[in-house]
Amino acid sequence: METEELIYTVTLRDYPETLPERERASAERRYAKAMEKAFGSAAQVAAALDTLRSLEESPPEVVLPADLTLLRQWGKASTAARQAAFQGLGEAEGAYFDVHLAG
């Protein structure tokens, strides 16, 4: 997904290879758009992703209540984004969207 400045990328993984590249890119854009709607902007999606990545390395006793709230928000947002992205494509078992910070 490209925005004014590439902040993060969304990549559809483990979907049948028969999916044309144009449709794959469209699904990735729909996913990113839904995430940005849930978080307010591409920068806020990237900030949330950065926080979540740092939580993966933190011991459980260091996790703050705000971090748990963010984790729940990410889960809800990614579920809605997945539904939006697969609209018209049909889900494929095991397919998922990989979201990474750019750079």
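Residues are numbered from 1 along each chain as its sequence is written, and side-chain values use heavy atoms, with hydrogens and water left out. In this predicted model, local features require pLDDT of at least 70 and side-chain atom pairs count only at pLDDT 80 or more, whereas totals for chains, interfaces and linings use all residues.

Two packed helices are described by the angle between their axes and the distance between the axes. Helix 1 contributes M35, E36 and F39 to the contact, and helix 2 contributes A42, Q44, V45 and A48, contact meaning heavy atoms within 4.5 Å. Of the residues in this contact, five are nonpolar, one is polar and one is charged. In this division Ala, Val, Leu, Ile, Met, Phe, Trp, Tyr, Cys and Pro count as nonpolar, Asp, Glu, Lys and Arg as charged, and the others, Gly among them, as polar.

The largest nonpolar core has 28 residues. Such a core is a set of buried Ala, Val, Leu, Ile, Met, Phe, Trp, Tyr and Cys residues joined through side-chain atoms within 4.5 Å, where buried means under 20% relative accessible area, exposed over 50% and partly exposed in between (1.4 Å probe, protein chains only). The residues with the most contacts inside this core are Y15, Y31, M35, F39, W74 and F97. At least two core residues come from each of strand 1 (8–13), helix 1, helix 2, helix 3 (65–86) and strand 2 (96–101). With residues up to four places away in sequence not counted, M35 touches V45, W74, A77, S78 and A81.

Four aromatic pairs are present in the structure. Rings of Phe, Tyr and Trp (its six-membered ring) pair if their centres lie within 6.5 Å; planes under 30 degrees apart count as stacked, over 60 as edge-to-face and the rest as tilted. Y31 and F97 are stacked, at 4.6 Å centre to centre with 20 degrees between the planes. This pair joins helix 1, which holds Y31, to strand 2, which holds F97, across 66 residues. Y31 is buried at 4% relative accessibility, and F97 is buried at 10%. The ring centres of F86 and F97 are 5.3 Å apart and their planes lie at 50 degrees, so this pair is tilted. F86 is in helix 3 and F97 in strand 2, eleven residues apart. Y15, Y31, F86 and F97 form one aromatic cluster.

A27, in helix 1, is buried at 0% relative accessibility. Beyond four places in sequence, A27 touches A85, L89 and F97. A27 and Q87 are 60 residues apart in sequence and 8.1 Å apart in space, C-alpha to C-alpha. L19 lies in the loop between strand 1 and helix 1 and is buried, with a relative accessible area of 10%. Apart from neighbours within four places in sequence, L19 contacts L12, R24 and L89.

Terms used. Helix = DSSP H or I, 4+ residues; strand = E, 2+ residues; numbered from the N terminus.
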